[in-house]
Amino acid sequence: MDVGFIGLGVMGRPMALRLAGSGRKVTVWSRTAAKRAPLRAAGAHVAAGPDEVFREAPVVLLMLADGDAVDAVLGRGTPDFAARVAGRTVVPMGTTSPAYSQGLEADVRAAGGRYVEAPVSGSRVPAEAGRLVAMVAGEEEAVTQVRPLLEPMCHETFVCGRVPDALLMKLAVNLFLITTVTGLAESFHFAERHGLDTRRFLDVLDAGPMASGVSRMKAPKLLARDFDVQAAVRDVLMNNRLIADAARASGVASPLLDVCHALFADTVALGHGAADMAAVLHALEARTEGVATDRPAHGG
Ligand SMILES: NC(=O)c1ccc[n+]([C@@H]2O[C@H](COP(=O)([O-])OP(=O)(O)OC[C@H]3O[C@@H](n4cnc5c(N)ncnc54)[C@H](OP(=O)(O)O)[C@@H]3O)[C@@H](O)[C@H]2O)c1
């Protein structure tokens, strides 16, 4: 089946490249022209705009920054919306609030389209390796249609039931990711400021029971102060906010996440919003050094 793919950012580019390499006809588009060139070189058809993607493909995957970007691409609230989604299956794979996804599902179905939310766990490196984990929710028939399309990008796909349970699952998983990376950065900071051999610290960590795919990816970045982006601080802050909002809305306590929320807001306030999430190290260093940030008192 032909497939459309819109949004060729940090995640979308490697995902679309894997899809294009799987032998399917893939029609892509991204707002910034320069981002389309690698896909053209990989044999994908580059559309002139979202309209053409929806005309060409019965299923369109979206890897966009947030709900505003999805609305812009779909032309939501304009006559273009129904023209694009009617008779099509729309598959947002980025992270939005669960409530946003529910509202979009209702609008897509009312316009005669089908809807599957398919957020993914994993960052740029797993995306390049086709090792993302997908969580999907939606009507059974649409989920069955979409699942094979995810295979080149995701080594596992979990069906989570109805919208927005895949997004709630994604937020639950991200809570662990955010607190884990923040804990790792604080641990590294503790070792470094006590004058320990930080390379030895990494070796000890790596040999023990806390070693994980995350620690093996992020600890060397902390050691090298390499903040080249895999998952951007700004995006992690957005995720943090989505989790905190969902927790507050349902009366669930999330004290660890709330501390991380403040630290990621500090990291953005310190000017590292575009850096990798390992750059939360800067916020910890600022606390040690007593540097004030202009983060809003409620955590950003
Ligand atoms: N990075 C990760 O580790 C990771 C992991 C799992 C899930 N996610 C989620 O996946 C989504 C994408 O993440 P990413 O890291 O790939 O972000 P990114 O690099 O910032 O890419 C965002 C994409 O959204 C597009 N976009 C933004 N605003 C737009 C607008 N108004 N109209 C049209 N297109 C617009 C951008 O287009 P152009 O660049 O072409 O302008 C770009 O293709 C986010 O929801 C994120 O939370 C990220």
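**Entry 1: ligand contacts**

I began at the ligand and found one of its oxygen atoms 2.8 Å from a polar backbone atom of Val 10. I count a polar contact as a pair of N or O atoms within 3.5 Å; within protein, one atom must be able to donate a hydrogen and the other to accept it, and residues adjacent in sequence count only if both atoms are side-chain atoms. The model is a predicted one, in which local features need pLDDT of at least 70 and side-chain atom pairs count only at pLDDT 80 or more, while totals for chains, interfaces and linings use all residues. Residues are numbered from 1 along each chain as its sequence is written, and side-chain values use heavy atoms, with hydrogens and water left out.

I then looked up two further backbone partners. A polar backbone atom of Met 11 lies 2.8 Å from a ligand oxygen, and one of Leu 8 lies 3.1 Å from a ligand oxygen. On its own the ligand has 910 Å² of accessible area, of which the protein covers 85% (Shrake-Rupley method, 1.4 Å probe; for residues, only the protein chains shown count as cover).

**Entry 2: the shell**

I listed 26 residues around the ligand, with Val 10, Ser 30, Thr 32, Lys 35 and Asp 235 coming nearest; a residue is listed if one of its heavy atoms lies within 4 Å. Helix H4 (67-74) and helix H12 (233-250) each supply at least two residues of this shell. Helices (H or I, at least four residues) and strands (E, at least two) are DSSP runs, numbered from the N terminus.

**Entry 3: Lys 170**

I checked the UniProt record, an unreviewed entry, which lists Lys 170 under "active site"; such annotations may be inferred rather than shown by experiment. I located Lys 170 in helix H9 (residues 165-193). Is Lys 170 buried or exposed? Lys 170 counts as buried because its relative accessible area is 6% (buried is under 20%, exposed over 50%, partly exposed in between; 1.4 Å probe, protein chains only). Its side chain reaches the backbone oxygen of Val 120 at 2.8 Å. Setting aside residues up to four places away in sequence, Lys 170 touches Thr 95, Pro 119, Val 120, Ser 121, Met 135 and Asn 239, with contact meaning heavy atoms within 4.5 Å.

**Entry 4: backbone geometry**

Most residues other than glycine have a negative phi, and most peptide bonds are trans. I noted that the bond from Val 163 to Pro 164 is cis, with omega near 10°. Pro 164 sits in the loop between strand E9 (154-159) and H9. Arg 225, not a glycine, has a positive phi of about 45° and lies in the loop between helix H11 (213-224) and H12.
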